[in-house]
Amino acid sequence: LKTLCIVDSPGNIITDKEIDDFCASVGVKNIKEAFVPEDEKDVKRLLHFSFYKPPPLPGFIQKQTIGIYFSKHPQEQRALLDDLPKNRYSISGQTKMPTLILWGKEDQVFKEQNAFDLQKEIGAEELMIFNKAGHALPEERHKAFNKRYELFLNEN
């Protein structure tokens, strides 16, 4: 790898309590319920906590997005989400390449402080926080996101 860009992902600095607190805040028992929607109600909840300003989608479109946009392989996605907490400590320490962290200031999944903690943990050279963006930063602020990411790639 020549460079690394991390987007709204706390890596190994997220705690079980933070995961539990997030799940409680969105009204689910576990992380799988939050991120693998089964019906349009689940899609609406996912959009609500992922976006600073959720896109207005009618129920029938929310239902159609299941299996197309959110998860074509729900069983595999659930298995991945089960494994994430167990594997988060397998990668630690300082990165050995130029690293950029991009984060949505209004991210409801991972707190802004997680971005600063991650930057310190891995020694990332740069952290950019985007206002008026949530966990779906690349979708919400796509022009600014792409511009900053492309600049980082061209600099390194």
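Helices are DSSP runs of H or I with at least four residues and strands are runs of E with at least two, both numbered from the N terminus. The model is predicted, so local features need pLDDT of at least 70 and side-chain atom pairs count only at pLDDT 80 or more, while totals for chains, interfaces and linings use all residues. Residues are numbered from 1 along each chain as its sequence is written, and side-chain values use heavy atoms, with hydrogens and water left out.

Helix α6 itself runs over residues 112-122, and its buried residues are N114, A115, L118 and I122. Buried stands for under 20% relative accessible area, exposed for over 50%, and partly exposed for what lies in between (1.4 Å probe, protein chains only). These four residues lie on the same side of α6, because the arc they cover around the axis is only 100°; the arc is that of the directions from the helix axis to the C-beta atoms. Among the elements covering the buried residues of α6 are the strands β1 (4-7), β2 (99-104) and β3 (126-130), along with helix α1 (16-26). Contact here means heavy atoms within 4.5 Å.

The protein chain as a whole has eight helices and three strands. Along the sequence they follow the pattern β-α-α-α-α-α-β-α-β-α-α. The chain is as compact as a globular protein of 156 residues, because its radius of gyration is 16 Å, close to the 15 Å from the globule rule. That radius is taken over C-alpha atoms, and the rule is 2.2 Å times the number of residues to the power 0.38. The C-alpha trace spans about 45 × 35 × 25 Å along its principal axes. Of the 156 residues, 37% count as buried. Among contacts with a separation of 6 or more, 69% are between residues 24 or more positions apart.

The interior can be followed through its nonpolar cores. A nonpolar core is a set of buried Ala, Val, Leu, Ile, Met, Phe, Trp, Tyr and Cys residues joined through side-chain atoms within 4.5 Å. The largest one has 29 residues, of which F22, F35, F49 and I101 touch the most other members. At least two residues of this core come from each of α1, α2 (31-35), α3 (40-50), β2 and α6. A second, separate core has seven residues, including L102, A133, L137 and F145.

The structure contains four aromatic pairs, a pair being two rings of Phe, Tyr or Trp (its six-membered ring) with centres within 6.5 Å; planes under 30 degrees apart count as stacked, over 60 as edge-to-face and the rest as tilted. F145 and Y149 make a tilted pair, because their ring centres are 6.1 Å apart and their planes meet at 40°. Both belong to helix α8 (residues 142-155), where they are four residues apart, about one turn of the helix. F145 counts as buried at 8% relative accessibility, whereas Y149, at 30%, counts as partly exposed.

Cysteines come next. With a disulfide taken as a pair of cysteine sulfur atoms within 2.5 Å, the count is zero. C5 is partly exposed, at a relative accessible area of 22%, and C23 is buried, at 3%.

The loops hold the remaining points of interest. D8 sits in the loop between β1 and α1. Phi of D8 is near 45°, which is a positive value in a residue other than glycine. D8 is buried, with a relative accessible area of 2%. K132 is not a glycine either, yet has a positive phi of about 55°. The loop that holds K132 lies between β3 and α7 (137-140), and K132 is exposed at a relative accessible area of 57%.

Y89 is found in the loop between α5 (74-87) and β2. At 51% relative accessibility, Y89 counts as exposed. Apart from its neighbours within four places in sequence, Y89 contacts N12 and I14. The C-alpha atoms of Y89 and N12 are separated by 5.4 Å, although the two residues are 77 residues apart along the chain.
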